[in-house]
Amino acid sequence: MKKLLLLGLFLGGLWLAIANFTGLAHQGTYDSIVLDFREDVGAAQIEEQVQAIAKQFNISPRLNSEFSLADHVFVVPGDQKLLRALKKSEVRKYTEFIEPNYIYQAFIAPNDPDYGKQWNLRSINVEAAWDETKGKGATVAVIDTGISPVPDLAKTTFVKGYDFVNDRVEAIDDNGHGTHVAGTIAQSTNNSFGVAGIAYEANLMPLKVLSSSGGGNIADIAEAIRFAADNGAQVVNMSLGGGGESQLMKEAIDYAHSKEVVIVAAAGNSNENAAAYPARYPYVIGVSALGPSGTKAPYSNFGAGIDISAPGGSRDGDDPAGGILQNTINPETGESVFEAYQGTSMAAPHVAGVAALLKAEGISNPDEVEDVLKQSALKVENDALNHYGAGKLDAAAAVKLATRGRITFCDFFRWLRDNGYLNPRFWIDGGVIALWPKILMVIGSYLLAWFLRNFFPFTWGWSLSTGLIAGSSGLFFLKGIYLFDAPQWPFRVLGSSIAELGGAIQGTTTLNPIFASVLIPLALIVLLLGHSQWKWFAIGTAIGMTACLGVSAILSPAMMWMGDGIAARIFLLVNAVFCFALARLAVQPGGASTT
Amino acid sequence: MSMQVEGTIERKGLGPGTWALVSNDGKTYELHNPPADLHKAGLNVKVKGEIREDIMSFAMIGPILEVKSFEVLG
């Protein structure tokens, strides 16, 4: 009886919950109602019904468009009350449905006439971010060749800067690079002229450290960073790099970070496996560049030191379409021009602009800004060479995450690095490893070994454990370790399980069927069966690979030559079964692993 | 660090553009304040100069080579 009562209460509760769930369909707004008359109702009858409801509810139904007559779709102005009344009225019998005409809100595009050419701004979803903030109150220091007051910066606000090259207050651009970078951050927008910028209500602080030929010394750059921190900049953009490690510069960066400044730098343009200085210093967000197709631009650096990726453009010869278009100056004449540039120099200010939006949303801690940028970035799967860092910059997702105020600090490795527990010549990419499948593989292999041991008791030894790790997951955490200016493949090989070795050197996560099969454990068992200790390593690899192939078959079956469809899944599952059968055969009842 | 590089002058299209020296073994150097005579893509040259570790630039295409003297090769 008691059980029956409990069941009754449970079902009653369930019914209430379902009945009260409003669902998505009831969340929109509308100020008109759609009536769709049945196809088999004649034109005369429809006309009659339309007249009738016009009279009854004192409204005038109209066709939605000239195409609506054939579909019998009418629209009447009205609210929830009228909708209910219509649904109860006579007209309902003649219609397929009567429903709210929901208003779909399109993000308003700015009225800058060349905004359509800014593929880069649409690719970072900036329009949806503008619903929340346009950067008002934030200040971005542009440490570059200076900024010239070109017409499309006329509505942008400036704060006091400095020219460290010529030692004067006015930091006018004599090259074009700095003005272009400043445009990406805060080009005057919605001014019916030129192009748009990301945080166009933020203030710009021009700091000139690079001469007209594009170079500048580290002493000036370090001073400019301190100037920015002391004069109220919340974000610093450095679209520059090169040279070696400098204590002066490192201290300036540490100082700015202690003053809550977000520091963004370009990764460099030599297509090398490490970011240039200053992007590789702790507390600096290193940015790699994306081309218009959303893949790494051919010139962009990658690997160690890349925290996030953003559009930097990739031009095909003289065609400007793939570049980043902003207002700048012609260095020869000083006249205003709109130019499409490419480079990681162009990618960094996208991140600086979004960082300014986050600062304007009230996030003051620079580590928190970095975390929001990384967590909201569009993740890139299979990024074994770290072309993209945490992913591709997403302005809308970043602002949304910031306003939601739920940020988790999970970047343990960055904490280690920033606090000096790791040598700064190391760099760790926490995002490269899909952690859960690896943990599943390790746990799975231990469970399988435990299961076998129940039937064929054996002693658990180090050789078996080594085999289990090598077969299931490898020392997977090593895959995320980079040594600056050194090849990363040795870490990838050490960090791969046996099944993954076939793609480790090229840096692909696609499995090679020769490695991801029963072949290697079979060979190991044949070779090592006679050895009392190493035999258990071979058995361990067979059990480990059972777990590895089994988990891969379900979660990520991508294989060379087979794709990731049913064929690959069957191949992996069959080989997992073979591996387990092999282990089962090799484990002799009563056998013992020496420790 | 003083050095001598033989190679070809190239104009690299990063940002507003930069003068580079691509050595015969394929390494790219950014030329720091190159004399006007070197502003010519395709020029085959032997450059004596110094790698400037204390200089940064927006081009970021490789080591920054300050030209001390140069010789146009045939």
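Predicted model: local features only at pLDDT ≥ 70, side-chain atom pairs only at ≥ 80, totals over all residues.

Reader: What pattern does chain B follow along the sequence?

Author: Chain B reads β-β-β-β-β-β.

Reader: Why is H8(A) called roughly parallel to H9(A)?

Author: Axes here are lines fitted to C-alpha atoms, for helices over the stretch in contact, and angles run from 0 to 180 degrees between N-to-C directions. The axes of helix H8 (residues 218-230) and helix H9 (residues 247-258) of chain A cross at roughly 10° and come within 9 Å. Angles under 35 degrees count as roughly parallel, over 145 as roughly antiparallel, 65 to 115 as roughly perpendicular and the rest as oblique. So H8(A) is roughly parallel to H9(A).

Reader: Which residues make that contact?

Author: Contact means heavy atoms within 4.5 Å. On the H8(A) side, the residues include A:Ile218, A:Ile221, A:Ile225 and A:Arg226; on the H9(A) side, A:Leu248, A:Met249, A:Glu251 and A:Tyr255 are among them.

Reader: What makes up that contact by residue class?

Author: The tally is twelve nonpolar, no polar and three charged. For the classes, Ala, Val, Leu, Ile, Met, Phe, Trp, Tyr, Cys and Pro count as nonpolar, Asp, Glu, Lys and Arg as charged, and the others, Gly among them, as polar.

Reader: How do you know that the span of H8(A) agrees with what it should be?

Author: The expected span of a helix is 1.5 Å times one less than its number of residues. For the 13 residues of H8(A) that gives 18 Å, and the end C-alpha atoms are 18 Å apart, so the two agree. Helix H10 (residues 344-360) of chain A has 17 residues and reaches 25 Å, close to the 24 Å expected.

Reader: What makes A:Asn217 a cap?

Author: A side-chain oxygen of A:Asn217 lies 3.2 Å from the backbone nitrogen of A:Ala219, at the N-terminal end of H8(A). A polar contact is a pair of N or O atoms within 3.5 Å; within protein, one must be able to donate a hydrogen and the other to accept it, and residues adjacent in sequence count only if both atoms are side-chain atoms. After H8(A) comes A:Gly232, with a positive phi near 90°.

Reader: Why is H10(A) described as largely enclosed?

Author: Buried means under 20% relative accessible area, exposed over 50%, partly exposed in between (1.4 Å probe, protein chains only). In H10(A), 16 of the 17 residues are buried, so the rest of the structure largely encloses this helix. Across the 595 residues of chain A, 53% count as buried, and in chain B it's 49% of 74.

Reader: Is A:Thr156 buried or exposed?

Author: A:Thr156 has 6% relative accessibility, so it counts as buried. You'll find it in the loop between strand S5 (139-144) and strand S6 (157-158) of chain A. Its side chain makes a polar contact with the side chain of A:Ser188 at 2.9 Å.

Reader: Why does A:Ile185 count as buried?

Author: A:Ile185 has a relative accessible area of 0%, so buried is the label. This residue sits in helix H7 (residues 177-186) of chain A. Leaving aside neighbours within four places in sequence, A:Ile185 has contacts including A:Val140, A:Val142, A:Tyr200 and A:Pro349.

Reader: And what about A:Asn271: why is it called partly exposed?

Author: Its relative accessibility is 41%, so A:Asn271 counts as partly exposed. A:Asn271 also has a positive phi of about 50° although it is not a glycine.

Reader: Why is B:Met60 counted as buried?

Author: B:Met60 comes in at 4% relative accessibility, so buried it is. This residue, too, isn't a glycine but has a positive phi, about 50°. B:Met60 lies in the loop between strand S5 (55-57) and strand S6 (64-72) of chain B.

Notes. Residues numbered from 1 in each chain as written. Chains lettered and ligands numbered in written order. Heavy atoms only, no water. Helix = DSSP H or I, 4+ residues; strand = E, 2+ residues; numbered from the N terminus.
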